2 protein chains.
Amino acid sequence: MPKPRLLAALLPAALMLALFAAQANGQTPSAAKARSMQEILDASKPSDWRALDPGNTLYLELASGRVVIELAPDFAPAHVANLRTLAREGYWNGLSINRSQDNFVVQWGDGAEDEKARKPLGSAKSKLPAEFSRSSDKLDFHALPDRDGWAPQVGFADGFPAARDPASKTAWLAHCYGMVGAGRDIAPDSSNGTELYVVIGQSPRQLDRNITTVGRVVQGMELLSVLPRGTGPLGFYEKPEQRTAIKAIRLASEVPQNERTALEVLRTDTPLFDELVEARRNRRDDFYKRPAGHIDLCNVPLPARTPPAKG
Amino acid sequence: MPKPRLLAALLPAALMLALFAAQANGQTPSAAKARSMQEILDASKPSDWRALDPGNTLYLELASGRVVIELAPDFAPAHVANLRTLAREGYWNGLSINRSQDNFVVQWGDGAEDEKARKPLGSAKSKLPAEFSRSSDKLDFHALPDRDGWAPQVGFADGFPAARDPASKTAWLAHCYGMVGAGRDIAPDSSNGTELYVVIGQSPRQLDRNITTVGRVVQGMELLSVLPRGTGPLGFYEKPEQRTAIKAIRLASEVPQNERTALEVLRTDTPLFDELVEARRNRRDDFYKRPAGHIDLCNVPLPARTPPAKG
């Protein structure tokens with residue numbers, strides 16, 4: 001009957017007695033070597049963070065709140081340019097989220113069945129090249145120490161989970177939780193960015209290099225991941241009234257300054273980030289009895305924060 | 001303007017022109033060698049499936065419907081025995097889902113803050129041994145061909161995603177999407193099964209061998225994965241009224257026959273399952289331009305179905 005309270009169990013983030021865990025692991029006890037993720041973030045300097053560029057940031061506005069998406073022009077320049085045009089001209093405003101497939105994706109765009117009933121694209125392009133990968137030259141790629149089954153190398157490029165192939169000298173974005181891509185038909189170059197999806201489950205890395213990935217949800221994933229699953233094929237909603245309305249998708253730079261969401265993301269090319277990755281590769285808090293000594297690319301947290309007030 | 005309809009994009013499961021994909025991949029065209037998952041399932045025989053054992057099946061009953069959980073007594077015999085007792089005595093009936101943390105877990109049990117206010121355990125045990133792993137002797141382990149970063153070997157044991165270490169001759173269940181575990185406190189043996197969680201995001205494999213895993217959701221994941229995320233620490237709901245009520249958790253064998261959910265799961269120890277895995281390691285439908293040649297353990301689908309009517 002005097003059962004300990006199990007509710008705070010599973011991951012008691014507050015308890016970070018690193019010393020004990022390090023000892024249990026047979027290592028020299030060293031608190032400095034075993035800071036928890038939270039301790040590492042608390043010790044971060046302003047230079048460990050990078051502010052989102054409003055010109056590369058989309059706001060997806062729902063009745064439930066705002067989803068903030070960082071675009072990846074370094075990987076999909078043509079798609080990102082088209083997304084900017086579509087947002088600027090209000091293409092998605094009044095359209096809807098049409099698909100929610102459990103453990104896979106949530107997808108939005110023009111739900112009209114009839115091609116002729118679809119919303120005109122305005123000055124956006126209806127046809128774009130496929131942007132499945134890019135040259136790895138001049139890409140600041142920060143490799144993870146861990147081996148990956150899907151790619152020769154994985155790591156981070158300016159905050160995005162990515163992969164690299166030294167043989168072909170190419171790099172591409174990885175389909176981790178929260179990554180946003182451009183839906184397409186059978187032809188590789190059949191996406192134009194009007195139809196977007198976000199990963200809401202186990203990383204479907206088989207999509208890597210098979211579709212154009214355009215960005216990442218930095219804030220507000222929980223507004224998309226909880227949408228009722230569609231009961232039609234592939235998780236599409238069977239009735240239009242089941243769809244979630246999109247109030248607007250806007251480029252942050254087009255939004256008045258005082259209506260913007262100030263956000264910083266942790267830089268992924270710093271010693272602090274390396275320490276964070278190591279803290280997650282080998283959990284040192286009391287909860288974990290056996291540090292894994294490994295992490296998958298898509299398990300690495302990519303923290304975002306409201307910039308601290310300037311003192 | 002004559003844009004193709006992008007809605008059915010991303011994964012057009014209906015289009016499975018295997019011949020074309022096999023050719024594009026430089027292989028000898030052979031429809032027999034490149035069946036899609038659906039074609040493989042359509043060609044399955046009754047012996048490729050296994051009915052759930054009602055004595056190892058829990059029904060979690062919510063207002064939104066029924067979640068079906070298959071228990072894993074081969075991996076956690078003491079916990080499963082306690083879960084059976086708790087279910088039989090109605091322990092969870094009237095309790096609630098208290099936690100929903102995005103990209104991690106949904107968790108249920110007794111939400112009472114005060115230990116003294118907690119529901120009595122009846123004849124269930126309040127203390128159990130940790131069951132993080134078992135001997136791999138006499139375990140029918142069906143290995144995946146793919147290398148895994150978290151364990152020396154991964155594969156399936158009677159339908160459950162699992163891992164094995166030949167050196168220590170141990171095996172354990174893997175924390176894939178839909179896996180159910182027993183929440184605990186700091187002490188390894190502090191779980192008794194009253195507090196359960198299910199994985200709703202990227203597989204948190206760092207929990208493997210750190211906590212007792214007791215089963216897997218076979219049907220109804222979409223009732224749990226869409227629960228609003230809690231805004232308290234670790235995704236706990238801050239107000240009791242935000243919790244989702246549990247009508248009952250019952251052992252299927254205690255439910256009248258005509259109220260049971262008839263379900264079969266695909267066996268994971270058959271040539272048909274190997275073919276299914278290969279079909280997912282290398283997608284052959286027209287959508288995929290570059291088959292991955294790899295799959296992660298937690299990306300392998302584990303199909304369930306209503307048993308076909310006997311002819």
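Q: Which relative accessible area makes a residue count as buried?
A: Buried means under 20% relative accessible area. In this predicted model, both B:Tyr91 and B:Trp92 are buried.

Q: How are the rings of B:Tyr91 and B:Trp92 arranged?
A: Planes over 60 degrees apart count as edge-to-face. The rings of B:Tyr91 and B:Trp92 have planes at 80 degrees and centres 5.6 Å apart, so this pair is edge-to-face. Over all chains, the search finds 6 aromatic pairs.

Q: Which parts of chain B does the pair of B:Phe156 and B:Phe273 tie together?
A: This aromatic pair is edge-to-face, with 5.2 Å centre to centre and 80 degrees between the planes. B:Phe156 belongs to strand E8 (residues 153-157) and B:Phe273 to helix H5 (residues 271-281) of chain B, so the pair links parts 117 residues apart in sequence. B:Phe156 is buried at a relative accessible area of 2%, and B:Phe273 is buried at 1%.

Q: What is the area buried between chain A and chain B?
A: The size of an interface is often expressed as the accessible area lost when the parts come together. Between chain A and chain B, about 6,800 Å² is buried, and carbon and sulfur atoms give 56% of that area. On the chain A side, strand E4 (96-100), strand E5 (105-109) and helix H4 (221-224) are the elements that give two or more residues. By class, that side has 38 nonpolar, 18 polar and 20 charged residues.

Q: How many salt bridges are counted between chain A and chain B?
A: The count is 0 salt bridges, whereas 22 residue pairs are in polar contact across the interface.

Key: Residues numbered from 1 in each chain as written. Chains lettered and ligands numbered in written order. Predicted model: local features only at pLDDT ≥ 70, side-chain atom pairs only at ≥ 80, totals over all residues. Heavy atoms only, no water. Buried area = accessible area lost by both parts, 1.4 Å probe. Salt bridge = Lys/Arg side-chain N within 4 Å of Asp/Glu carboxyl O. Polar contact = N/O pair within 3.5 Å; in protein donor to acceptor, adjacent residues only side chain to side chain. Helix = DSSP H or I, 4+ residues; strand = E, 2+ residues; numbered from the N terminus. Nonpolar A, V, L, I, M, F, W, Y, C, P; charged D, E, K, R; others polar. Phe/Tyr/Trp six-rings, centres within 6.5 Å; stacked < 30°, edge-to-face > 60°. Buried < 20%, exposed > 50% of the residue type's maximum accessible area, 1.4 Å probe, protein only.
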